[in-house]
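Thanks for sending this one over. Here are my notes, point by point, to read with the structure open beside you.

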Amino acid sequence: MDDYHDLWQRTWAYLTMDEPRAGLHPIPGTKPITIEALLLPPVMYYIALLFLPPPPPQAVDTILLKLLRTALATMAGVLFFRLPLAYYIPQSIGLNYQLSLVGLYGGCRVLDAFFISPILFGHIPRRVRYEHQPRGSDKPTDPKKSTEDLSKNHIGFADSNAGAPPNWDRVPSLPLDNYWPTGASDAANTAMDALYRTWSGPTMQPVHQHEIPEDGFPHTFYDRASWALELELSMRGMGFTLTTADVKHTRETWLPTVSNRLHSIFVHVLPVVAVCLGIIRFTYDNYLGPNGDPPPFHGPSRFDTRLSLPMQLLLTAALGAFLMAAFSLAHSSFAIMCAPLAPSPFAFFPPLYTIPIWEITSVRKFWSYGWHRLFARLFLVYGVWPGEWVEKKLTGKGPKERADLGKVVGGFLSSAFVHSFSVRSVLGGDWIKARGEAQFFVLNGMAVVVEGAVIKAVVARRKKAKAPLEMWYDAWYPATNWTTAAMDTKNENKDFRNTPEYAEYQRESFWASNDGKVMPFNTEPGALEDRAKEKLSEGGWLYASSNAGQSTTHLANRQAFFRHKIIPRMLVDTNKRDTKHEIWGHKTSAPIGFAPIGINKIYHPLGELPVAQVAKELNLPYCLSTAGSTAIEDVGKANGAGTRFFQLYMPHDDELTISLLKRAVDSGFTACILTVDTWQLGWRHDDVNASNYAFYHGQGADLGLTDPVFQQRLKADGIDPKTMPNEAGAKWIDNVWHGRAHTWEKLPWLMKTWKELSGGKPFAIKGTQAVQDARKAVEMGVDGIVVSNHAGRQVDGAQGSLDALEKIVDAVGDKTYIMFDSGIRGASDVVKALCLGAQFVFVGRLWVWGLSIMGEHGVRHVMKSLLADLDIMFNVAGVQNVEQLIGNREWLESHPAGQTMIAERSRL
C-alpha cells in the first residue's frame, strides 16, 4: 500500500508542478496553465456555433442574438490566441508546442467560421458528410498461388489505415523475381502469406467514400447542438461554397473497424514510437546532454556542433516520425472511444495517413502526406488561397487558371510562421532562436518550386525530342508530377483556343483510380435516371419523370434524334477546335444552356442556387423559371457574373407581371423568354394519381412569396404564408399556371413592357412547334424562338421537337435566332440539333438528375461531362468550330420523318 501511496503522491506532484521541466524555457511572463484557461475558449466557441446557422427558428436572426454570437466568437478567438501567450505547460516541451498550435489553430478557425467565411464570402461553414458505398474487395491471398501471383499481392501493400491500394498489381520498378525468387516452396509461400496477414491485420471493408458538404443547416436545438459539436471536434474541416474546399471528393478506400485501429496501434504505431524514442533518447544521452549535462540555452547549438550530418538526419527523421505516429495514436484512440456512438457521424474518423510511405517520391508528395486533415484548413485559408489570389492579381491570370507558385509560396510561408510561433513558446519567446523552423519550411517551399520547374523542363525536353513522356526511373523521382504531365492533353495549340479543353475531364477520370478515387456517378442517361430515382422522394421522382398522357411525345423526341446519323470527317486538324459560341452578345463556352425548370427544391434543399452557381462557373447561360423555388434576387446573386435569362409564365395580373419582370431586370437577367405552351399542366397520370403538386403542399413557391405585389394579393385575401403555406402556394401557382390562355393580342404589350424595363434586351418565345406560329412570332418582332414541346410533358401524341425544328428553320431560320429544347441527352444530340439549324440548345433533365443525386457537385459533374463529350465529339468527328455545324445538314444522313428507330417505349 505504501508503494501505491508513494506512486500516487509522485504522480500528483508531477501533474501539479509549477516549475518548468529541464530544457523547457517558457515565454517570460507566462504562468502554468489552468483548467479554466483550457476549457473556456472551446466552450465559448461551441456556444457561439449554436447560433451560427440561419433560421429557423427566427429567434437566431434577432439583433440581440447576433450581437451575443459575435461577442462570444470574438472572446473565444481572443482567448484561443492568448493561450500560448499567457500560459505554459510545465510538464512537457512537446505539449507546450502543441498548446501553441492549438491556440493559433483555434483562434484562426474562429475567424474563419464567424468572420472570413460569412462576411467575405457570404457563406456559413458546413459539415462534410461521408457516404460509403461497398465495393468489391480484393480476394484473400491463396497460399497455393504461383509465386508471381503471390508477389503481386504483396508488393507495395499500404499501411493499416489504408489497406491494400487499389492498384496493387501495377508493374513494380524491378522484376518480380527480384523480390520473390521463382520455385519457392509452399512452406515459404505460406510463411510469406502469414507475415503479410500479420502486418496487414484484419480485413477492412472496401468502400467508395463520397465526401460531400452537407446541404442545408440544422434547425432544432438538438440538431444545432450536434452540428456545433461535430464541427468543433471533428477533423472534417469546413468549406466555402465558392472555393475548392467545397468540391466533392470520391475515392476508393477501406473502412477501418475497431479491430483495424487496435491492430494499427499495436503493430504499427507503438513500434514506431518505441524506435523513435530510443533514437531520441540515445542521441540526447550520448551527444546532446551526456552525464546529466543539459544543453545550454545560450551559445552555439549542440545539434550543429556535436552531431555529424548522418546523426542530424537520423534525429530529424526520428522526431518527425514520432510526431506523426503520436498524431496517429491519438486519432485512432479517439476513434475507438467514439466507435460505440455509431451510426452517429461522431463514430466515423477518416484514416489519417492513407499513402504507403514508400510511395512518397517527391518533396511535394511528402508535404501532401504530412499536411494531414488536422491543420490543412489553417494553411489553406491563411496561406494557399491568399497565395493563389496574389499570383493571379500580379500576373493577370483568370479565375480558372492555375496559380501553383502562389499556392506553394503561400502554404509554406504560413507553415513557417505557425511552426516558428510554436517553437518560440519553448525557447523563451525568442524569435531568433525559432528561426530555424522558419528556414526549414522556406527551404522546403523553394525545393517544391524548383522541383516543379525541373519537371516541366524535363517534360518539355522529352516532348521536343519526341521521346516517351514516362521513363522507367520516374517512379524513383516525383511520380505524381510525372504522371500529371504525361496525362495532360495540353499541347502547343491550346493557346489558340477560346474555351477550356473539356476533353481533359475524360483524362482526369481515367487517371482517378491511380489516386484511389472514383468518379461521382455514371452519366450515361439511363444510369443517371436510375440513380436519381434512388435518391429522390416519390413526389420528386414522379414530378421530374412524368410526361403527358402515354408519353408518346416524349418517345417521339428521342425517336427524332435516332433518325439522323452523323457523318464524321477524318484527317481534319482539330487541335485548335473550339466549342465557343455567342448568344445575344454573350460569349459562352458552348452553344448549350440550362433549361428553365421549376421547383428545384423538390430535387435538392438549396433549389436553384447550386445550378446557377455551376452555370456561372462553366460559362453557360442559365434560365430561371417563374415556377422556381428560390427568390429571383438570390438566384441572381448565386449566378454572379454569369449570363442569365428569365423564363416567364405570364399571369393575368399585369401588375404582378411587371413586378416579376422588374425584379428580373434588377437582378441582372438579360433576356425574357415567354413560355407559350403551359397555361396549365398537361395531364400526367402519375402526378394526378399521387396528388403530386408541391405548390399545393406548401413547397416551392418562394419566387412568388418574395414578390411585393403578390404579397399584397395575399394580404388582401387574408392569407398568411407562415401559417397557411398550402393556401399561399396554391394562390401563387394558380397565378402562374392559371388555365386561362393568353393570345397573340397580348404579346405586343408584354414585349413593349419588357423592352422598356430592360433597356431593349432580347425577348423570345418558348414552346413553338408549328411553322405558322413561328412565322407569326417573327412578324411580331421577337428576338428568338425556342423550338420546344416541353420535353413531352404538355401535349401527348405530338411530333418530336427535333422534327419541328427542321421545318421551322426552313421557314424562318434566317429571320430570327432559333433555339432548341426537348430531348437532349448527349453531345451527339447537340450536334444534330445544330446541323438542323438550331443556333443554341437547352438541356434540362440531365442536370436535374445530377442535382438530385449530388447537389451542386452532381450538376457540375453532369454538365462538365456533357462539355467533355462535346469537345471529344468535335475532335473525333472532325469538327473545328460550332459555326461549321449550324444549319449544315451535310454532316447528317437523315431517314424519313416518323421512322421508328428505337423501341416503342424508351425511358431515354
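1. Let me start with helix 3, which covers residues 63–86 and so has 24 residues by the DSSP run. From its first C-alpha to its last, helix 3 reaches 33 Å, close to the 34 Å expected at 1.5 Å a residue. Please keep in mind throughout that this is a predicted model.

2. Which residues of helix 3 are buried? They are L65, R69, L72, A73, A76, G77, L79, F80, L83, P84 and A86.

3. Helix 13 (404–424) and helix 14 (435–464) each supply at least two residues of a nonpolar patch. The patch is formed by L405, V409, L413, V442, L443, M446 and V449, and together they have about 590 Å² of accessible area. Which helix gives the largest share? That is helix 14, with 4 residues.

4. Is L443 buried or exposed? L443 counts as exposed because its relative accessible area is 55%, and the cut-off for that label is over 50%.

5. For a contrasting leucine, go to L885, in the loop between helix 31 (845–877) and strand 17 (892–894). L885 has 0% relative accessibility, so it counts as buried. Setting aside neighbours within four places in sequence, L885 is in contact with V831, L834, C835, F874, V879 and W891. V831 is 54 residues away from L885 along the chain, yet their C-alpha atoms are separated by 7.1 Å.

6. Last, the cysteines, in case you are planning around them. How many disulfides does a search of the whole structure find? The search finds 0. C623, for one, is in no disulfide, and the nearest cysteine sulfur, that of C672, is 8.9 Å away; a disulfide would need the two sulfur atoms within 2.5 Å. C623 is classed as buried because its relative accessible area is 1%. C108 is also buried, with a relative accessible area of 10%, which falls under the 20% cut-off.

Note on methods:
Residues are numbered from 1 along each chain as its sequence is written. This is a predicted model: local features need pLDDT of at least 70, side-chain atom pairs count only at pLDDT 80 or more; totals for chains, interfaces and linings use all residues. Side-chain values use heavy atoms; hydrogens and water are left out. Patches are made of residues with over 30% relative accessible area and no salt bridge: like charges are joined within 9 Å, nonpolar side chains (Val, Leu, Ile, Met, Phe, Trp, Tyr) within 5 Å. Accessible areas come from the Shrake-Rupley method with a 1.4 Å probe; for residues, only the protein chains shown count as cover. A salt bridge is a side-chain nitrogen of Lys or Arg within 4 Å of a carboxyl oxygen of Asp or Glu. Buried means under 20% relative accessible area, exposed over 50%, partly exposed in between (1.4 Å probe, protein chains only). Contact means heavy atoms within 4.5 Å. The expected span of a helix is 1.5 Å times one less than its number of residues.
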